[in-house]
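Here's a quick walk through one model, residue by residue and helix by helix. Keep the viewer open as you read.

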Amino acid sequence: MQNFVEIALLADWWTNLMIIGMLAVTLVMLIIIGIFAFYFRLWIQSIWTGAGITIFDLLGMSFRNVNAKMIVRGKIMAVQAGLGDSSGITTKALEAHYLAGGNVPQVIKAMIAANKAKTIQLTFREATAIDLAGRDVLEAVQTSVYPKVIDCPPRNAKRTSLDAMAKNGIQLKVKARVTVRANLQRLIGGATEETIIGRVGEGIVSAIGSAETHSDVLENPDLISKAVLSRRLDANTAFEIVSIDIADIDVGENIGARLQADQAEADTQVARARAEGRRAMAVAEERENLAEIENARSAVVDAESEVPKAISEAFRSGRLSIMDYYSLRNVQADTDMRKSIAHSSGTGTTSNK
């Protein structure tokens, strides 16, 4: 009886184990079927197009957190355009670029465009490097195929023209258009459009400033273009300058004449200031002379005030007698009379004239 119970318990345990195993197998099968169903369409597309992406590659993308749909579509686009693994566009390379934060569809489109153009040499490594550098690689390829026109100065700039002055002082206002082609090999590390605009603007101003008269520039605007192109302004930039066209030239102000007038006015003010300084110095010197005259007069008055004191002292000491004093007074009176006669005589002669 006891053996029968043990056998029954063993049978129940085995049955439960079988049920659990079947449930586990069923769950695993459901997961596999779900994953297979999820990637079945992408896998079929890869097989039919010859992209060479297996179901295991798709499962690996899920574990590596890669957008499998993007990778498959990019690989299919490349294969359909004739760009296979030999051109560097492999599944692992696409995954690596995606994980690095790159724009896989944009790179594939740029590679296809460069391959169709036939005149552009662009490798997958260069395309991914340009994309990771923050540049629009597709726009760069399109600019390399179809040159781009840059306005100088830009349309959204505060100044609507480049202003420069010829040697004769006449101002010219110029608008230019620069046609550039992207240089894919120098796109990484090369200067951008702002540098091209700045260099072209500097070259135009320098070319106008070198002209003898503004009429020479108006007669031959290509003088500006030739002078600017000869300076190799596209060095170390991401572009190659195809041409520089002068779109418009307007005559501005006569800056030379205005500067000369301003200089003459400034010279006049300086001369007035110097003359005013000399006049002030002359007035000060005159006042100093008047002060010296007054000082001399005061000294004379002081000296004259000492005469009565000296006379009284002479009387007290006996060195001067009364007769001597009256003789001195007579001499002074005679002298004053002669002076008055001479003064009246001189005044009469002046009035007769």
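## Ser-144 and its surroundings

Start with Ser-144: setting aside residues up to four places away in sequence, its contacts are Ile-120, Arg-181 and Ala-182. Bear in mind that this is a predicted model. Ser-144 sits in helix H7, which covers residues 137-145.

Is Ser-144 buried or exposed? Its relative accessibility is 12%, and the cut-off for buried is under 20%, so Ser-144 counts as buried.

## The nonpolar core

Next up is the largest nonpolar core, which has 61 residues. Leu-122, Val-200 and Ile-204 have the most contacts inside it. Helix H5, residues 104-117, is the biggest giver here, putting seven residues into this core.

Take Leu-122 and look at what surrounds it. Leaving out neighbours within four places in sequence, Leu-122 is in contact with Ala-110, Met-111, Ala-114, Ala-127, Ile-130, Val-141 and Leu-184.

## H3 against H5

Helix H5 also packs against helix H3 (residues 68-80), with the axes 10 Å apart and an angle of about 0°. Angles under 35 degrees count as roughly parallel, so that is what H3 is to H5.

From H3, the contact uses Met-70, Ile-71, Gly-74, Met-77 and Ala-78. H5 answers with Val-104, Pro-105, Ile-108, Lys-109 and Ile-112. Sort the residues of this H3 and H5 contact by type and you get eight nonpolar, one polar and one charged.

## H4 against H6

There's another helix pair to look at: H4 (residues 91-99) and H6 (residues 124-132). Their axes come within 11 Å and cross at roughly 10°, and H4 and H6 are therefore roughly parallel to each other.

Which residues of H4 and H6 meet? On the H4 side they are Ala-93, Leu-94 and His-97, and on the H6 side Phe-124, Thr-128, Asp-131 and Leu-132. By type, the contact of H4 with H6 divides into four nonpolar, two polar and one charged.

## Ser-243 in strand S4

Last stop is another serine, Ser-243, found in strand S4, residues 239-254.

Ser-243 and Val-178 are 65 residues apart along the chain, yet their C-alpha atoms are separated by 6.0 Å.

Key:
Residues are numbered from 1 along each chain as its sequence is written. This is a predicted model: local features need pLDDT of at least 70, side-chain atom pairs count only at pLDDT 80 or more; totals for chains, interfaces and linings use all residues. Side-chain values use heavy atoms; hydrogens and water are left out. A nonpolar core is a set of buried Ala, Val, Leu, Ile, Met, Phe, Trp, Tyr and Cys residues joined through side-chain atoms within 4.5 Å. Buried means under 20% relative accessible area, exposed over 50%, partly exposed in between (1.4 Å probe, protein chains only). Helices (H or I, at least four residues) and strands (E, at least two) are DSSP runs, numbered from the N terminus. Contact means heavy atoms within 4.5 Å. Axes are lines fitted to C-alpha atoms, for helices over the stretch in contact, and angles run from 0 to 180 degrees between N-to-C directions. Angles under 35 degrees count as roughly parallel, over 145 as roughly antiparallel, 65 to 115 as roughly perpendicular and the rest as oblique. Ala, Val, Leu, Ile, Met, Phe, Trp, Tyr, Cys and Pro count as nonpolar, Asp, Glu, Lys and Arg as charged, and the others, Gly among them, as polar.
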